[in-house]
Amino acid sequence: MTGPLVLGIETSCDETGVGLVRGHELLADAVASSVEEHARFGGVVPEVASRAHLEAMVPTVGRALDAAGVRLADVDAIAVTAGPGLAGALLVGVSAAKAYAIATGKPLYGVNHLAAHVAVDQLEHGALPAPAVALLVSGGHSSLLLVPDVAAEVVPLGATIDDAAGEAFDKVARVLGLPFPGGPHIDRAAAAGDRDLIAFPRGKYRDGSYDFSFSGLKTAVARFVEAREAAGEPVPVADVAACFQEAVADVLTRKAVAACRAHGIEHLVIGGGVAANSRLRALAQERCAAAGLQLRVPRPGLCTDNGAMVAALGAELVARGAVASGLDFAADSSLPVTTVTAA
Ligand code: KG4
Ligand code: ZN
């Protein structure tokens, strides 16, 4: 095994993630999720998430070290999500990481959550081709990024102007009476549905931009369901899920492929929780193949929030000799995507 051993800590939302990575090799990926505690509220409650991170942090670090068969003293550097994310949740991870850095005397890197979602692919498919285009779709963000260098330069091409893709999945699931978080439930329900039955709107489909809009789609689904209910007819949950999912996957993959073509880039990386979606993965594969593009999507477990992604980006920074963040940086809930490492 070669390369620096990096401990990564992720607490931007409701997952306490701790990963251990050596170079491009994943050694441990321990995740404690507070998702069940939020389910009855239909969304993540920031205070509840912060408290859960506090309780899970030390045990999760212990689990990761045990799984990797290493000791804290063996770690060469520590990386932590500095932002973007929920302020209180980020604060727990950043404070813990600073404490571990002081205790071990090892360098600390505060990193961007979005760049980490891209960098994690290196654990599965090896060194990232540069430049690449990245499509990041999660509960908090939907962005198309030009990535000349994941450790140093990330350029936004477009983003959602309203709901994030995952947020749309979660809201539509609620309308359909499916549990939170809705993405995986819609994915499963859609498997039994006909994706061509209902033509739901595709926001900003032909506007030539790389921006997304999902609020019109979400409203159209709600109207459809209300109309069925008002007429006393059963709601075809599987069909609605399949058609909604198709609309999202269609617009995401169309714009991602267009961005690759426009910038003459052959590699598309998809990351974030929604990248776990089976239809998005299949359609992206189909359209990339047709356009002569290479598609890279990490396995679903690495797409949702985890500590390994933070460790993966940290390992890349250490390998490049990047300057560490020191101990003075702050958690930044709106850290811009262009800032890969917090100063
Ligand atoms: O990246 P992530 O774990 O957390 C954020 O940074 O937001 O993404 C969570 C989001 C949720 O909205 C969830 O519903 C969605 O990812 N998601 C999915 C699937 N699995 C998770 N959406 C669609 N299909 C899935 N299979
Ligand atoms: Zn995320």
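User: By about how many helical turns are His113 and His117 of helix H4 (residues 113-119) separated?

Analyst: This is a predicted model, in which local features need pLDDT of at least 70, side-chain atom pairs count only at pLDDT 80 or more, and totals for chains, interfaces and linings use all residues; side-chain values use heavy atoms, with hydrogens and water left out. Residues are numbered from 1 along each chain as its sequence is written, while chains are lettered from A and ligands numbered from 1 in the order in which they are written. Helices (H or I, at least four residues) and strands (E, at least two) are DSSP runs, numbered from the N terminus. Because His113 and His117 are four residues apart in H4, their separation is about one helical turn.

User: Are His113 and His117 buried or exposed?

Analyst: Burial is judged by relative accessible area: buried means under 20%, exposed over 50%, and partly exposed in between (1.4 Å probe, protein chains only). By this criterion, both His113 and His117 are buried.

User: What is the spacing of the donors of the zinc ion (ligand 2) along the chain?

Analyst: Donors are N, O and S atoms within 2.8 Å of the metal (3.2 Å for Na, K and Ca), and sites may look incomplete since water is not among the atoms. The protein donors of the zinc ion (ligand 2) are His113 (NE2), His117 (NE2) and Asp305 (OD), which lie 2.1 Å from the ion. Along the chain, the donors follow the spacing H-x3-H-x187-D.

User: What is the site geometry of the zinc ion (ligand 2), given its four donor atoms?

Analyst: Four donors count as tetrahedral if all angles lie between 85 and 135 degrees; four count as square planar and six as octahedral if opposite donors are over 155 degrees apart and all others between 65 and 115; anything else is irregular. The angles among the four donor atoms of the zinc ion (ligand 2) run from 92 to 154°, and the site is irregular.

User: Why are the buried residues of H6 on the same side of the helix, and what arc do they cover?

Analyst: The buried residues of H6 (residues 165-175) are Ala165, Gly166, Ala168, Phe169, Val172 and Ala173. They lie on the same side of H6 because the arc they cover around the axis, taken from the directions from the helix axis to the C-beta atoms, is only 155°.

User: Which strands and helices are included in what covers the buried residues of H6?

Analyst: Contact means heavy atoms within 4.5 Å. The cover of the buried H6 residues includes strand E6 (132-137), strand E7 (142-149), helix H7 (182-190), helix H8 (215-230) and helix H9 (237-262).

User: With which residues is Phe214 in contact, leaving aside its neighbours within four places in sequence?

Analyst: Phe214 is placed in the loop between H7 and H8, and its relative accessibility of 1% is why it counts as buried. Beyond its neighbours within four places in sequence, the contacts of Phe214 are Ser142, Thr160, Asp162, Asp163, Ala164, Ala165, Ala168, Val248, Val251 and Leu252.

User: At what angle do H9 and helix H10 (residues 278-291) pack?

Analyst: Axes are lines fitted to C-alpha atoms, for helices over the stretch in contact, and angles run from 0 to 180 degrees between N-to-C directions. The axes of H9 and H10 are 9 Å apart, and the packing angle is about 35°. The contact includes Ala249, Leu252, Thr253 and Val257 of H9 and Leu280, Leu283, Ala284 and Arg287 of H10. To restate the value asked for, H9 and H10 pack at about 35°.

User: What is omega for the peptide bond from Gly83 to Pro84?

Analyst: Pro84 is in the loop between strand E4 (77-83) and helix H3 (87-104). The bond from Gly83 to Pro84 is cis, and its omega is near -10°.

User: What is omega for the peptide bond that joins Ala130 and Pro131?

Analyst: Pro131 is placed in the loop between helix H5 (122-125) and E6. Ala130 and Pro131 are joined by a cis peptide bond, with omega at about 0°.

User: Which residues are in contact with Ala97, leaving aside its neighbours within four places in sequence?

Analyst: Ala97 is placed in helix H3, and it counts as buried because its relative accessibility is 0%. Apart from its neighbours within four places in sequence, Ala97 is in contact with Ile9, Ile78, Val80 and Leu108.
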